[in-house]
Amino acid sequence: MGIASQDALDQLSAQIDQLDPKLKHTFQNMHQGNPKHTLTRFLKAREWSALKANKMLVDCLNWRMQNQIDDILCKPITPANLYRGIRESQLMGLSGYSKQGVPVFAIGAGLSTFDKASVNYYIQSHIQMNEYRDRVLLPAASRKYGRYIGTCFKVLDMTGLKLSSLSNLKLVSLMAAIDDLNYPEKTETYYIVNAPYIFSACWKVVKPLLQERTRRKVQVLDGCGRDELLKIMDYASLPHFCKRNGSRSSRCYSSSDLDDCYSLDHPFHQEFYSYIVQQAKSKNNESLIKHGSVHVDVPEPAPEETEIINTIESELHKIGNQNGTSRSLSGLKII
């Protein structure tokens with residue numbers, strides 16, 4: 001860390017020391033004993049400006065307090081069949097760990113339909129997975145490997161991505177806004193696999209709009225990406241859609257196959273959901289285990305993110321015109 005970076009860290013640390021006690025408490029819940037690393041993440045997200053990073057962090061802490069994020073792992077989504085539907089339509093799971101102990105999350109970006117529950121449930125599920133990663137998985141990995149591990153890898157499978165599926169992009173953009181503003185710099189690298197033409201076309205126009213720091217995180221791999229991913233993880237940690245040659249579906253295995261880390265029957269999701277249920281019971285508050293989603297205020301996307309979404313929308317209409325499907329896209333308003 002350079003002198004300027006250390007100065008920014010010292011300035012931000014001094015500002016955080018002046019926080020209201022309630023904000024300090026939620027900051028402790030957030031940093032899990034690693035305040036320096038947490039402050040560094042916010043500084044990176046704001047190009048090492050202590051002033052901007054402080055505003056971002058205070059906004060994040062207020063968001064956590066106002067939406068009771070510290071207690072969100074005590075609020076299971078019930079009944080179980082509803083949660084199963086969410087898992088079948090919001091395809092995400094932990095496939096394993098890299099050779100250095102970094103968690104590897106698999107995401108079925110092309111085949112997630114988000115059509116089994118309301119938006120609030122999907123937002124709740126997304127935040128709960130973030131919090132479980134930060135409070136349970138990453139501390140456990142740090143203890144196991146004897147060093148601080150504070151980030152993850154994400155492997156995004158674009159199998160099944162088509163024009164009509166991009167109507168879900170508004171919900172995805174809401175989740176991205178939550179992550180950008182409240183969980184910055186938690187993803188080390190995004191690996192894109194099984195990318196069809198529609199993704200390649202959008203990526204070509206979006207890439208120049210991204211900050212260099214973000215562009216460096218995105219790697220578009222050939223086919224299912226197996227050979228490249230095996231350089232950083234063992235075969236057992238590969239997402240199921242990367243274990244066969246060629247572009248294979250995110251659902252190429254049966255739903256009962258425990259190798260499918262999207263499935264509620266996968267050990268990760270069993271442990272994840274059981275943890276939330278047990279946390280609720282430990283609070284001795286039966287009102288926490290009840291039907292109904294948790295409403296979380298979603299921040300507005302930053303202007304640059306809105307520009308990116310508008311650019312994607314424009315490119316999709318161009319593709320629709322080329323393919324003679326412009327009429328089917330006429331009602332597709334992403335944001």
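Helices (H or I, at least four residues) and strands (E, at least two) are DSSP runs, numbered from the N terminus. This is a predicted model, where local features need pLDDT of at least 70 and side-chain atom pairs count only at pLDDT 80 or more, while totals for chains, interfaces and linings use all residues. Residues are numbered from 1 along each chain as its sequence is written, and side-chain values use heavy atoms, with hydrogens and water left out.

- S1 and S2 pair antiparallel over 5 bridges, and Gly96 sits opposite Val104 in S2.
- The hairpin of S1 and S2 has 5 residues between the strands, and Gly101 takes a positive phi near 90° there.
- S3 (residues 152–157) and S4 run parallel, joined by 6 bridges; Asp157 has Val193 in S4 as its bridge partner.
- Buried here means under 20% relative accessible area, exposed means over 50%, and partly exposed is in between (1.4 Å probe, protein chains only).

**Helix H11**

- H11 has 16 residues and spans 22 Å from its first C-alpha to its last, close to the 22 Å expected at 1.5 Å a residue; the expected span is 1.5 Å times one less than the number of residues.
- Its buried residues are Phe268, His269, Phe272, Tyr273, Ile276, Val277 and Ala280.
- Looking down the axis of H11, those buried residues fall within an arc of 160°, so they line one face of the helix. The arc is that of the directions from the helix axis to the C-beta atoms.
- The cover over the buried residues of H11 includes helix H5 (80–89), S1, strand S2 (103–107) and H6, with contact meaning heavy atoms within 4.5 Å.
- After H11 comes Asn284, with a positive phi near 55°.

**Aromatic pairs**

- There are 11 aromatic pairs in the structure. Rings of Phe, Tyr and Trp (its six-membered ring) pair if their centres lie within 6.5 Å; planes under 30 degrees apart are stacked, over 60 edge-to-face, and the rest tilted.
- Trp63 and Tyr183 make an edge-to-face pair, because their ring centres are 6.3 Å apart and their planes at 90°.
- That pair links distant parts of the chain, 120 residues apart: Trp63 is in helix H4 (residues 50–66), and Tyr183 is in the loop between helix H7 (169–182) and strand S4 (187–193).
- Both ends are tucked away: Trp63 is buried at 8% relative accessible area, and Tyr183 is buried at 5%.
- Tyr132 and Phe272 have ring centres 4.9 Å apart and planes at 45°, so this pair is tilted.
- Tyr132 belongs to helix H6 (residues 119–145) and Phe272 to helix H11 (residues 267–282), so the pair ties together parts 140 residues apart in sequence; both residues are buried.
- Ring pairs also link Phe105, Tyr132, Phe268, Phe272 and Tyr275 into a cluster.

- The peptide bond from Thr78 to Pro79 is cis, with omega near 0°, and Pro79 is in the loop between H4 and H5.
- Gln32 isn't a glycine, yet its phi is positive, near 50°; Gln32 lies in the loop between helix H2 (21–31) and helix H3 (35–45) and is partly exposed at 34% relative accessibility.
- Trp48 isn't a glycine either, and has a positive phi of about 65°. Look for Trp48 in the loop between H3 and H4, partly exposed at 30% relative accessibility.

**Ser237**

- Ser237 is in the loop between helix H10 (226–229) and H11, and counts as buried at 11% relative accessibility.
- Ser237 and Ser98 are 139 residues apart along the chain, but their C-alpha atoms are separated by 7.2 Å.
- Setting aside neighbours within four places in sequence, Ser237 is in contact with Ser95, Gly96, Tyr97 and Val104.

Definitions and conventions
Two strands pair if DSSP finds at least two bridges between them.
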